[in-house]
Amino acid sequence: MKKHNFSAGPCILPQEVFEKASAAVLDFNNSGLSILEISHRSEAFVSVIEEARALILELLGLQNKGYQALFLHGGASMQFLMVAYNLLDKKAAYTNTGTWSSKAIKEAKLFGEVVEVASSKDKNFNYIPKEYSIPTDADYFHCTSNNTIYGTQMKSFPKTEVPLVCDMSSDILSRTMDFSQFDLIYAGAQKNMGPAGVTLAVVKEDILGKVKRQIPSMMNYQVHIDKDSMFNTPSVFSIYTSLLNLQWLKNLGGIAGIEDKNNKKAELLYAEIDRNPLFKGFAEKEDRSIMNPTFNLAEGADKATFDKLWKEANINGINGHRSVGGYRASMYNAMPIESVQVLVDVMQHFEKIS
Ligand code: PMP
């Protein structure tokens, strides 16, 4: 029986995407070939990657605005250094809102001065810092829109003259906003975009070419742009499956179509976390993530009983990250509200029998 999968990533994707992707493994579009054996230079795949690149820009509302969508390797972790390689000439500004921001900062320091303009480390990253200023002579400002581990999310972004770079790995394509405020967005695919193995970078082309250093080809956004995101063999299967997922999202009405559903799921679970005396939320209320609610058991609540109950209810993947403990119920785009209701029912049953 299919589980209610609250895993933080890789994570749930729509069932129809799993079905279409598995059909393509056996026979891709009646070609007599598996998606796993076709050339990335074949007409069939070139049209897949072209459609996926165009659809990303369409969903983000960034067509004809000077942006390029790239499907790269190396995960969001590679972007931590690729961003700095391409953009950091002298100095960059970063906010530190959790484990992934800290890792991005560590990599950027290899390339120049990093000013940490704000941090929420003082409270184990349970909030989003809001009052800070960004030096106007910074080469760029970097932030993490959604902190997957701590369950916090930026609800707004600073207005700044310097290029705005954002790690959107865990909330890309989940909520509407003006994406043209960003100059570079990146995301590992394995949450809202597709399976692991491909990384999205959406780059405003005019921010490139400003650093003095030599950039190795594989690290160079301009090289990937010039080669239509085919400088080397791309992750064919992951990109195809991402395209299926992007098509699914478009058919639902795009990001606006999913946003309301995501908000309803989050409201349902957070209401129970706040109501039920056996649980307490981890993140500050105003900064709570719509994608990754984090919560702990209240003192005296019996962990073994709760764990037994959710496992019996066919729930998967709600153990919290080791740096926060407790629980994290990731509710990406493909998670149906019915699965969230199953978790809420378990929490209520736990209260009743405790
Ligand atoms: N940034 C964020 C916000 C993440 O959630 C993750 C992975 N969970 C990463 C970066 C690292 O991604 P990857 O494993 O693709 O390198």
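Modeller: The expected span of a helix is 1.5 Å times one less than its number of residues, and helices (H or I, at least four residues) are DSSP runs numbered from the N terminus. This is a predicted model, in which local features need pLDDT of at least 70 and side-chain atom pairs count only at pLDDT 80 or more, while totals for chains, interfaces and linings use all residues. Residues are numbered from 1 along each chain as its sequence is written.

Biologist: What span should the 13 residues of α3 have?

Modeller: At 1.5 Å a residue α3 should span 18 Å, and its end C-alpha atoms are 18 Å apart, which agrees.

Biologist: Which residues of α3 are buried?

Modeller: A residue is buried if 20 or more other C-beta atoms, placed from the backbone, lie within 10 Å of its own, exposed if 12 or fewer, and partly exposed in between. In α3 the buried residues are A76, Q79, F80, M82, V83, A84, Y85, N86 and L87.

Biologist: Which residues surround the ligand?

Modeller: A residue is near a molecule if its C-beta atom, placed from the backbone, lies within 6 Å of it. Here the ligand is surrounded by G9, G75, A76, S77, W100, T144, T148, D167, S169, S170 and G188, and helix α3 (residues 75–87) gives the largest share of this shell, three residues.

Biologist: How many residues of each class does the shell around the ligand have?

Modeller: Ala, Val, Leu, Ile, Met, Phe, Trp, Tyr, Cys and Pro count as nonpolar, Asp, Glu, Lys and Arg as charged, and the others, Gly among them, as polar. By that scheme the shell has two nonpolar, eight polar and one charged residues.

Biologist: Which residues does UniProt list for "binding site"?

Modeller: UniProt positions are given in the numbering used here, with shortened feature names, and annotations may be inferred rather than shown by experiment. The unreviewed UniProt entry lists A76, S77, W100, T148, D167, Q190, N232 and T233. They span 158 residues in sequence and their farthest two C-alpha atoms are 30.0 Å apart, so they do not all gather at one spot.

Biologist: Is W100 buried or exposed?

Modeller: W100, which sits in helix α4 (residues 99–108), counts as buried because it has 22 C-beta neighbours inside 10 Å. Two residues are in contact if their C-beta atoms, placed from the backbone, lie within 7 Å, and W100 touches T144, N147, T148 and D167, not counting residues up to four places away in sequence.

Biologist: Where is N232 found?

Modeller: N232 is in the loop between α5 (221–226) and α6 (236–251), and N232 is exposed, with 12 other C-beta atoms within 10 Å.

Methods. Helices (H or I, at least four residues) and strands (E, at least two) are DSSP runs, numbered from the N terminus.
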